[in-house]
Amino acid sequence: MKHSFIPWLLLGWIGFLLMPWYLLEDGFWSFVWLTDGYPTDLYYAPAILQGMLGDKLWLLPLALPLIAPLRLISLQKNDPRYSRYLILSGALGLIYMMSQGFAIGISGWQFTGLDTLFGELEQQQYGLGYGAMLCGLSFLILLTTGLAATGFLKGDVFVTGSIGLIVALVGLFVFFPVSQVLISAFMNNDGVFAPTAFFGKLFSDNIWSLSCLSDGYTCGTAWNSLTLALLTATITTLLGLSFALVVTRTGFRWKKSLRLLTVLPIITPPFVIGLALILLFGRSGVVTEIVADVFNIEPGRWIYGMPGVLFAQVLSFTPISFLVLIGVVEGVSPSMEEASQTLRADRWHTFVNVSLPLMRPGLANAFLLAFIESLADFGNPMVLGGDFDVLSTEIFFAIVGAQNDQGYAAVLAIILLFFTLSAFFLQRHWIGKKSYTTVTGKADSGTYMGLNHGMKLACYMTALPWAALTIVIYGMIMFGGFVQNWGYDNSFTFQHYQDAFSIGWGEFGVIWEGAAWDSLWTTLSISAIAAPFTAIVGLLTAYLLVRQQFKWKSAFEFGTMLSFAIPGTVIGISYILAFNVPPLELTGTGVILIICFVFRNMPVGVRGGIAAMSQLDKSLDEASLTLGANSLMTFRRIILPLLRPAIIAALVYSFVRAITSVSAVIFLVSADHNMATSYIIGLVENGEYGIAIAYCSVLILIMLTTIIGINVFVGERRLRRNVSVSASTTTSSSNLGPSLKEKHA
């Protein structure tokens with residue numbers, strides 16, 4: 001008789017008997033314990049040896065929840081004891097692990113009450129390592145398998161285990177660290193609980209002032225951020241839709257080049273776009289001086305403040321809207337549009353009444369992502385903000401500035417979270433419970449309906465000038481790496497690339513002599529590891545939200561969006577507070593960067609997956625399950641191939657954001673793991689703009705190559721044989737005939 005829990009129980013025993021229980025001196029990825037054996041202090045030893053031969057007796061009780069499930073091997077799955085033993089073993093194992101992990105630290109007991117209860121403890125405990133990780137995973141799967149055995153979620157082990165795993169990960173790496181910061185909102189500067197201080201900071205004029213409406217002074221940071229986010233989300237959603245329609249519904253010749261061009265802004269460190277805009281549109285910028293000479297006007301400083309930040313954010317976040325919308329627009333079934341045209345509706349009415357309503361999930365998710373990104377954006381307001389203050393920069397200065405007020409930063413983070421949650425619930429209300437299914441198991445070989453002349457002209461007039469502006473800006477960026485001093489001394493030179501990426505030859509082969517190589521290899525390796533994990537967790541979460549019905553699903557969805565709602569500055573600080581001491585001692589390691597990137601960027605995979613999966617008919621899943629496939633096989637062989645646009649969006653976005661992220665990274669990097677963005681910021685602070693631009697140019701080329709590779713590797717989703725665009729105003733019977741014959745065939 002086959003029991004699904006046995007491999008996971010075996011994994012727990014491996015962690016308890018063989019793997020080092022505590023974090024290694026050389027970091028989480030060190031395997032020195034395999035070759036050096038166990039030294040006298042048993043630092044690398046597994047839990048069993050720590051408890052029996054060392055002084056960590058508190059680890060020995062962990063054997064009990066690993067022993068109890070062994071007696072289930074001889075029982076039938078419908079035996080009541082089967083689910084009871086699994087649930088008790090998993091729950092008790094997890095509770096005991098967390099309790100002893102948080103109760104004992106590097107200085108003994110972590111809570112004063114435990115001293116009086118158990119006496120003084122002289123032993124210490126380090127951060128948890130491989131053994132603890134495997135045992136924790138084993139206990140979690142035992143618990144979820146037991147819940148499935150009771151009939152929870154129709155007894156589906158894969159679905160129950162997936163929900164349990166994601167809840168545990170989000171709780172551990174999102175809720176736990178963020179709570180460390182938010183709790184400080186109710187503390188005064190001496191660390192004492194003071195709710196009155198919270199309300200005093202919450203209703204500060206600096207946050208909610210509306211003086212800009214009466215006396216011309218600036219408004220509060222909350223209103224600035226909210227206004228900017230609404231404008232950015234609206235414009236980027238419309239631009240993203242224009243790009244998606246040009247690519248999918250017109251005969252535009254350079255579609256592939258346009259698709260590649262739309263992702264350029266998200267593969268650039270934020271301050272570089274701001275600097276390029278300053279050199280183009282600043283007071284002494286190229287465009288500004290030309291306009292001033294032609295129209296005989298004085299050059300202005302409009303690029304600084306809200307207009308400049310809005311311009312930069314629209315340029316930066318339009319690709320996100322495009323990546324979300326392209327799959328949704330492609331997923332609209334041509335047969336529905338053909339049916340509308342057959343009933344004598346013209347292209348405009350067909351688009352407004354048929355196509356556009358089916359794109360509503362994509363539009364809502366694109367708006368939500370752009371809204372959240374604008375609220376959390378740090379780089380663009382930092383470079384172009386001027387006197388226009390927003391919440392994200394205020395949080396940064398509250399933490400690292402002269403005021404050093406962590407409580408005030410936490411209050412600002414709560415306001416950001418409130419804005420994000422409001423947008424989240426409004427988005428859910430707008431989508432409603434209507435069906436947006438357009439992809440079924442039936443054959444569909446129709447042609448996409450082309451845009452009418454007016455819509456095509458409108459899309460061309462918005463998308464193509466924006467694409468041309470993007471080319472100019474990136475031409476400026478590439479140009480800046482080959483001049484002595486960008487904007488001042490434009491004489492040609494290769495020196496910046498030589499300083500950053502020179503290569504030599506030595507006795508043992510290639511020598512990476514350039515100053516930027518170390519941070520480049522670190523950045524690429526961490527980003528390459530984080531990207532697939534981000535896509536897996538995000539798309540699996542989207543599958544559970546769209547395809548499964550379970551209690552507290554709304555709270556589950558909110559939890560997956562929380563890390564995206566909090567600005568990176570707060571995430572970075574929260575990770576330092578949460579993971580600088582046992583039981584999870586991760587600061588200074590590459591692991592904390594990977595974890596931060598995975599859970600910071602996961603919501604893009606979630607929202608893109610939800611938008612794409614909302615178009616897939618549930619009968620596809622039901623047919624697979626009816627034919628004997630389980631949920632895992634259905635997800636892997638039916639759902640995933642139809643989610644290729646969402647997979648590409650998740651992989652591309654997570655990879656490039658891991659490379660270009662600034663706000664969280666500056667708090668988490670270390671001497672051994674220095675990321676590209678923190679290195680570039682250091683160059684800018686030292687006035688070495690040429691090397692910084694050269695480094696950014698190399699990163700852009702690397703990311704472009706990676707994006708092309710991801711598209712080739714994942715492949716194109718084929719929903720129908722013919723993906724051409726109909727050029728006729730109405731669909732003739734001759735055009736409909738082959739489609740009908742193919743459907744009957």
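## Helix H32 and the residue after it

Helices are DSSP runs of H or I with at least four residues, numbered from the N terminus. In this predicted model, one such run is helix H32, which spans residues 676-685. Gly 687 follows H32 and has a positive phi, near 80 degrees. Within the helix, Ala 676, Thr 677, Ser 678, Tyr 679, Ile 680 and Leu 683 are buried.

## Overall make-up and confidence

The chain has 745 residues, and 56% of them are buried. Its secondary structure consists of 34 helices and eight strands. Of the contacts between residues at least 6 apart in sequence, 75% join residues at least 24 apart.

The mean pLDDT is 81, and 89% of the residues reach 70 or more. In residues 728-745 the pLDDT is below 50, and this stretch has 16 contacts in the model beyond near neighbours in sequence.

## Salt bridges

The structure has four salt bridges. One of them joins Glu 373 and Arg 657, with the closest N and O atoms 2.6 Å apart.

Another salt bridge is formed by the side chains of Arg 547 and Asp 621, at 2.9 Å from N to O. Because Arg 547 belongs to helix H24 (residues 517-547) and Asp 621 to helix H28 (residues 619-626), the pair ties together parts 74 residues apart in sequence. Arg 547 and Asp 621 are both buried. Arg 81 and Asp 79 also meet in a salt bridge, with an N to O distance of 3.1 Å. Here Arg 81 is partly exposed, with a relative accessible area of 34%, whereas Asp 79 is buried, with a value of 18%.

## Aromatic pairs

There are 35 aromatic pairs in the structure. In one of these, the ring centres of Phe 102 and Phe 176 are 5.6 Å apart and the planes stand at 70 degrees, so the pair is edge-to-face. This pair links distant parts of the chain: Phe 102 is in helix H5 (residues 80-103) and Phe 176 is in helix H8 (residues 157-183), 74 residues apart. Phe 102 is partly exposed, at 33% relative accessibility. Both Phe 102 and Phe 176 belong to an aromatic cluster that also contains Phe 173, Tyr 575, Phe 579 and Phe 599.

Phe 102 and Phe 176 are edge-to-face at 70 degrees; Phe 198 and Phe 199 form another edge-to-face pair, with 5.1 Å between centres and 75 degrees between planes. Phe 198 is buried, with a relative accessible area of 7%, while Phe 199 is partly exposed, at 45%.

## Nonpolar surface patch

Val 286, Ile 290, Val 291, Val 294, Phe 295 and Ile 297 make up a nonpolar patch on the surface, and their accessible area together is about 570 Å². Ile 297 is located in the loop between helix H14 (286-295) and helix H15 (306-331). This residue is partly exposed, with a relative accessibility of 47%.

## Backbone points in loops

Most residues other than glycine have a negative phi, and most peptide bonds are trans. Lys 154 has a positive phi, near 60 degrees. Lys 154 sits in the loop between helix H7 (130-149) and H8, and is exposed, with a relative accessible area of 86%. Trp 552 also has a positive phi, near 65 degrees. The loop that holds Trp 552 runs between H24 and helix H25 (553-565). With a relative accessible area of 65%, Trp 552 is exposed.

The peptide bond from Pro 582 to Pro 583 is cis, and its omega is near 10 degrees. Pro 583 is in the loop between helix H26 (568-579) and helix H27 (590-613).

Methods:
Residues numbered from 1 in each chain as written. Heavy atoms only, no water. pLDDT = per-residue confidence, 0-100. Contact = heavy atoms within 4.5 Å. Patch = residues over 30% accessible without salt bridge, like charges linked within 9 Å, V, L, I, M, F, W, Y side chains within 5 Å. Areas by Shrake-Rupley, 256 points an atom, 1.4 Å probe, with all protein chains shown as cover. Helix = DSSP H or I, 4+ residues; strand = E, 2+ residues; numbered from the N terminus. Buried < 20%, exposed > 50% of the residue type's maximum accessible area, 1.4 Å probe, protein only. Phe/Tyr/Trp six-rings, centres within 6.5 Å; stacked < 30°, edge-to-face > 60°.
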